[in-house]
Amino acid sequence: MPFQRYARNEPTPTAGWLRRWPDQALDRAPVWASVDLRDGNQALAEPMDPRRKKRMFELLVATGFKDIEIGYPAASTDDFDFVRELVTKDGIPDDVTVSVFTPARPELIERTFEAIHGAERATVHLCHATACLWREVVFGMSRDEVRQMAVDGAEHMVRLAERTPGTDIRFEYSPETFNLTEPEFVLEIADLVTKIVGASPDRPMVLNLPTTVETHSPNVFADQVEWMHRNLDRRESIILSVHPHNDRGTAVASAEMALMAGADRVEGTLFGNGERTGNVCLVTLALNLFSQGVDPQLEISDIDTVREIVEDCNRLPVHPRHPYVGDLVYTAFSGTHQDAIAKGLAALSTQAEREGREVGELPWQVPYLPIDPKDVGRDYQAIIRVNSQSGKGGIAYVLKAGWGVDLPTELRRDFATVVQNTADTLGRELEPAEIWQLLQDTYRLDDSLASPSAADEHEVVAQHTAAHGVKFTQVVVTAAAPAAGEPTACFAALDADGRTVWGIGLAATAADAAHRAARSALHRAGIEGRTGTEDRADIEGGQQ
């Protein structure tokens with residue numbers, strides 16, 4: 001592969017400074033800014049119609065976003081009309097500030113101001129390209145011309161804002177492809193725009209730094225952000241924002257490192273929809289904070305509902321491996337993983353019972369699961385799924401979680417072989433109900449009753465031992481769940497000529513469960529009343 005073609009010069013800040021961001025820790029949520037309705041919508045093969053736009057806006061509000069970019073009104077009539085509908089029909093909550101995007105062209109800026117006429121408050125977001133490749137190849141402009149474009153655009157916004165009484169207008173500025181622009185040049189332009197719009201601590205300007213195309217590792221972007229953070233003329237009058245894209249697959253890392261480097265705000269989308277490989281996923285970023293004990297300041301405790309709405313609005317599926325929300329992200333197929341998860345959940349349950357608390361009140365410590373699925377609205381049903389790669393621990397977990405039947409360790413090994421062979425033969429995973437049916441079929445569960453003279457499981461086993469001249473090496477009685485059909489389970493291990501054969505019985509009493517377990521084991525071992533002291537017909541009845 002021609003890797004030499006992709007050697008890049010890193011647009012690193014001026015030498016002679018020492019980065020500080022690696023020593024920082026994320027201890028609070030940023031200002032969240034959704035661009036689903038603008039950047040996300042622009043990236044769709046089928047842009048949202050009014051119904052989908054409205055549904056997305058309502059979701060963003062319900063999720064807790066206070067800063068929502070609602071469109072690019074100069075780009076299309078649909079975008080313009082949607083902005084007007086929100087403004088004229090009082091569709092914007094009092095605690096939400098909407099923003100509208102515009103390139104730095106006078107006629108487009110004017111159209112943008114027309115769209116927000118009558119709004120109580122709004123942010124006008126000015127954007128134009130500053131990077132060398134864009135200004136020289138795409139636009140054929142010099143640095144002086146790019147600088148003048150920023151000045152003219154900012155001045156025009158200020159004039160129009162002064163002519164828009166009754167609307168509290170704030171400003172945002174994005175030097176597009178910031179990450180590929182010479183640091184000193186982008187700093188110069190940012191300082192000019194900040195001064196022109198009159199940014200102050202009580203009326204700050206959003207300075208948004210986009211990795212419009214992600215081309216370097218996240219640490220390079222963090223250096224660029226920190227250098228800007230430390231060198232801006234009016235830093236106290238700026239909300240420093242980042243807008244990472246995901247071309248290298250590291251948008252979340254770029255955002256996290258940028259926050260460590262001094263950024264205050266992050267622009268992105270739900271589940272990362274955006275041009276090419278997408279924008280930074282704000283859900284992942286928020287739940288990363290959550291998983292570290294930081295309040296994400298977003299309401300995403302019902303993650304499946306959020307996903308359903310986003311998939312409807314974008315007409316794009318969320319990948320089954322997408323962090324936190326994908327169908328498979330809390331699922332283990334591997335036997336070693338399943339065993340660790342099952343033991344972790346059991347340890348939490350034991351601790352909760354010992355302390356008289358709910359599991360949800362305890363610190364979460366379960367191998368392979370960074371958060372409790374229940375905290376985002378999932379249950380434990382799909383945590384462990386069974387295929388030919390699964391082990392005894394995972395299979396045992398499925399039976400206990402679904403039917404309350406807790407197999408002894410040796411029996412787990414015995415049944416795991418059956419399950420794995422079946423999955424291999426079928427060439428697919430087994431559903432929990434199939435595993436439950438396989439258990440019943442394999443161990444010949446029956447419904448016969450113990451002799452009335454047998455008071456408990458010990459007497460039952462003694463009767464079978466005497467009747468057949470066999471040795472039961474283990475008899476384990478446990479509680480079962482109503483889902484198993486009976487409240488008591490018994491597991492009996494029979495020594496059949498040096499081979500251990502297990503039987504299972506489920507019944508209302510320990511005696512009946514032990515009787516059924518013994519019959520199960522005897523039948524599986526091929527023993528049918530060899531001493532003649534047991535009713536042969538009763539034994540054969542259990543075979544039918």
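**Aromatic pairs**

I looked up Tyr 72 and Phe 101 and found both buried, where buried means under 20% relative accessible area, exposed over 50%, and partly exposed in between, with a 1.4 Å probe and protein chains only. The model is predicted, so I kept to its limits: local features need pLDDT of at least 70, side-chain atom pairs count only at pLDDT 80 or more, and totals for chains, interfaces and linings use all residues. Residues are numbered from 1 along each chain as its sequence is written, and side-chain values use heavy atoms, with hydrogens and water left out.

I then searched for aromatic pairs, taking rings of Phe, Tyr and Trp (its six-membered ring) whose centres lie within 6.5 Å; planes under 30 degrees apart count as stacked, over 60 as edge-to-face and the rest as tilted. The count comes to 4 aromatic pairs. One of them is Tyr 72 with Phe 101, edge-to-face, at 5.1 Å centre to centre and 70 degrees between the planes. I noted that this pair links distant parts of the chain, 29 residues apart: Tyr 72 is in the loop between strand E2 (67-71) and helix H3 (77-88), and Phe 101 is in strand E3 (residues 97-103). Helices (H or I, at least four residues) and strands (E, at least two) are DSSP runs, numbered from the N terminus.

Phe 178 and Phe 221 also form an edge-to-face pair, with 6.3 Å centre to centre and 75 degrees between the planes. Phe 178 lies in the loop between E5 and H7 and Phe 221 in helix H8 (residues 218-231), so this pair ties together parts that are 43 residues apart in sequence. I find Phe 178 buried, with a relative accessible area of 3%, and Phe 221 buried at 3% relative accessibility.

**Salt bridges**

How many salt bridges does a search of the whole structure find? I counted a side-chain nitrogen of Lys or Arg within 4 Å of a carboxyl oxygen of Asp or Glu, and the search gives 33 salt bridges.

I looked at Glu 182 and Arg 143, whose side chains meet in a salt bridge of 4.0 Å, N to O. Glu 182 lies in the loop between strand E5 (168-176) and helix H7 (183-196), and Arg 143 in helix H6 (residues 143-162), so the pair ties together parts that are 39 residues apart in sequence. Glu 182 is partly exposed, with a relative accessible area of 24%, and Arg 143 is partly exposed at 34%.

Next I took Arg 265 and Glu 267, which meet in a salt bridge of 2.9 Å, N to O. Are these two buried or exposed? Arg 265 is buried, with a relative accessible area of 2%, and Glu 267 is buried, with 1%.

Asp 406 and Lys 400 form another salt bridge, at 3.7 Å, N to O. Asp 406 is partly exposed at 28%, and Lys 400 is partly exposed at 47%. I also noted a network of salt bridges that links Arg 51, Arg 55, Glu 308 and Asp 312.

**Cysteines**

I searched the whole structure for disulfides, meaning a pair of cysteine sulfur atoms within 2.5 Å, and found 0. Cys 281 counts as buried at 6% relative accessibility, and Cys 313 is buried at 0%.

**Helix H16**

I checked the length of helix H16 (residues 457-468): at 1.5 Å a residue its 12 residues should span 16 Å, and the end C-alpha atoms are 17 Å apart, which agrees. The expected span is 1.5 Å times one less than the number of residues.

Which residues of H16 are buried? They are Glu 457, Val 460, Val 461, His 464, Ala 467 and His 468. Seen down the axis of H16, these buried residues fall within an arc of 130 degrees, so they line one face of the helix; the arc is that of the directions from the helix axis to the C-beta atoms. His 458 and Ala 466 are exposed on the other side of H16.

I looked at both ends. Asp 456 caps the N-terminal end of H16, with a side-chain oxygen 3.0 Å from the backbone nitrogen of His 458. Gly 469 follows H16, and its phi is positive, near 65 degrees.

Technical notes:
A polar contact is a pair of N or O atoms within 3.5 Å; within protein, one must be able to donate a hydrogen and the other to accept it, and residues adjacent in sequence count only if both atoms are side-chain atoms.
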